[in-house]
Amino acid sequence: MTQSSSGPIGSQRSIGLWIVLYIITAGIAGLVWTFKTHEEIQIHSGQGVGGWVGVIINWLLSPVTFFLVPVELERMYRQAGEASPVNWQWGLWFLLPVIGWAIWFVKMQGTLNDYWGARGAPPA
């Protein structure tokens, strides 16, 4: 039996803008993105680590974030009765610095945008 995701939906975000913000802020925007992502997933699905714990994990053990975000996304999709386009294996992109991280981010934010957009969130 699938439990429905019924909390408030998150926001779609511009992938290009967040990449630029990450570069301009020397990574600070990455922590903001991490907070927003984990917080919205937890509020919507009732599962996940939440924003502040996600930021602390990212700050102390950043490679864990590469696995945690896709796992939380996968759970959220399954809870909604849908197949997830991501799983823990996407976290392996952290092994390829810069380009792998960019590929990972584009896929994660794209997956979030698809999920939120399908539930009525306006485009970024």
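Predicted model: local features only at pLDDT ≥ 70, side-chain atom pairs only at ≥ 80, totals over all residues.
1. Helix α3, residues 51-60, gives the patch its largest share, three residues. Ile-56 is placed in this helix. Its relative accessibility is 48%, so Ile-56 counts as partly exposed; the class lies between the buried limit of 20% and the exposed limit of 50%.

2. The interior is the next topic. In soluble globular proteins, nonpolar side chains tend to be buried together. Here, the largest nonpolar core has 17 residues, and those touching the most other members are Trp-33, Leu-73, Met-76, Trp-104, Met-108 and Leu-112. At least two residues of this core come from each of α2, α4 (62-79) and α5 (99-118). The largest share, six residues, is supplied by α5.

3. Is Glu-40 buried or exposed? Glu-40 counts as buried because its relative accessibility is 17%, and buried means under 20%. This residue lies in helix α2, which covers residues 28-45.

4. Which residues is Glu-40 in contact with, leaving aside its neighbours within four places in sequence? They are Gly-10, Ser-11, Arg-13 and Trp-116. With one of these, Arg-13, the side chain of Glu-40 also forms a polar contact of 2.8 Å.

Conventions:
Residues numbered from 1 in each chain as written. Heavy atoms only, no water. Helix = DSSP H or I, 4+ residues; strand = E, 2+ residues; numbered from the N terminus. Buried < 20%, exposed > 50% of the residue type's maximum accessible area, 1.4 Å probe, protein only. Polar contact = N/O pair within 3.5 Å; in protein donor to acceptor, adjacent residues only side chain to side chain. Contact = heavy atoms within 4.5 Å. Core = buried A, V, L, I, M, F, W, Y, C linked by side-chain atoms within 4.5 Å.
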